[in-house]
Amino acid sequence: MGKGWKGARDFVGLEEVTKVEFLIMLFAEALGTFLLVLIGCASCITWTISNPPTVVHIAFTFGLAVASLAHVLGPISGCHVNPAVSVGLLISGNCSFLKTICYIVCQCCGAIAGSAVLKALISSDRGLGATNLASSVSEIQGVFMEAIVTFLLLLVVHAVTDPKRTDTKGWAPMAIGLTITVAHMAAVPITGSSMNPARTLGPAVIQGQWKNLWVYWVGPIIGACVAGGLYKMAFRRKKEDDEASYDF
C-alpha cells in the first residue's frame, strides 16, 4: 500500500512543482523554446528568391540550436523545449504529470513569443517558417511521418540520458542535435519536419493559420509515447530511482 502511494505521488509530482526552484526550470523551458523557434524559424525564411534556404541549412540550424541549448539548459530543466519530449519522458516514468503539463504550457508560450519577436524583427510578409504538408502528402501521411521522426528523437533522448549507459555519457547534446538534423533532412520536404508541437504552434498563432495544426500535435505525441513506452519496457537498463533528462 505504501509503495503504491509513493508511486502515485511520484507520478503526480506535486511536491516537485511546489518548490521555488521549479520556477527557474519553467523559465528555462520557456526561454529555450523561445530561442529555438526564433533562431530555427529564421533559417526557414526566404530573403531572396534566387537564394532560398536549403534543407541542409534548415536541418543544421535546428539541430545545432538544440545542441547548444542542451549544453546551457540541460542541467537546469533538462532542456526538453518540446512538448513531445516531455510527454515521452512522462510515459517512460522520467517526468511527473504536473511537471509535464507545466513544461508544455511554458514551451508553448515561449514558442509563441519567439514567433512574435521574429515577426517584429523581419517587419515584412515573408512568413515565419511555418510547417506545412507538401502538396502531395495527405494528413494521415503527415501524422505518420511526424510520428516516425519524433519516435527516433525520443529513442535517442532516452538512450543518451540513461544513467546506466556509460558509453553515451557526455554525448547527449551532440547526439540529440544530430538526430534532429538527420530527421529534418528526411522530413522537411514532406511535412516541414516539426517534431515539436510548440515549434509549429508559435508561427500558427502569430499568423492566424491553423490548417493541419493537429497533424503536428498528434504525430509527434504518438511517436513520443511509443518511444517512451518501448524504451521503458524493452531497452532501458534496470536501475531504480534514476531520472532521465538532458542532465549530463
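Predicted model: local features only at pLDDT ≥ 70, side-chain atom pairs only at ≥ 80, totals over all residues.
View 1. A cavity here is a set of grid points where a 1.4 Å probe fits but cannot get out. With that in mind, helix 8 is the top contributor to the lining of the largest cavity, giving three residues. Helix 4 joins helix 8 as an element that puts two or more residues into that lining. Searching the whole structure turns up one cavity of 30 Å³ or more, and the largest cavity holds about 140 Å³ of space.

View 2. Sorted by class, its lining comes out as 10 nonpolar, five polar and one charged residues.

**View 3. The largest nonpolar core, 35 residues in all.** L36, L153, I176 and I180 make the most contacts inside this core. At least two core residues come from each of helix 3 (21–42), helix 4 (55–77), helix 5 (83–91), helix 7 (139–160), helix 8 (172–191) and helix 10 (215–235). Another core, of nine residues, lies apart from it and includes V37, C41, L118 and L128.

**View 4. Cysteines, but zero disulfides.** A disulfide needs two cysteine sulfur atoms within 2.5 Å. The closest cysteine sulfur to that of C95 belongs to C102, and at 9.6 Å that's too far for a bond. For the sulfur of C102, the closest is in C106, 6.9 Å away and again too far. C95 is buried, at 5% relative accessible area, while C102 is partly exposed, at 26%.

Key. Residues numbered from 1 in each chain as written. Heavy atoms only, no water. Buried < 20%, exposed > 50% of the residue type's maximum accessible area, 1.4 Å probe, protein only. Core = buried A, V, L, I, M, F, W, Y, C linked by side-chain atoms within 4.5 Å. Helix = DSSP H or I, 4+ residues; strand = E, 2+ residues; numbered from the N terminus. 1 Å grid on protein atoms, 1.4 Å probe; cavity = no way out; pocket = protein on both sides within 12 Å on 5 of 7 lines; lining within 4 Å. Points joined across faces, edges and corners; volume = space filled by probe spheres on them. Nonpolar A, V, L, I, M, F, W, Y, C, P; charged D, E, K, R; others polar.
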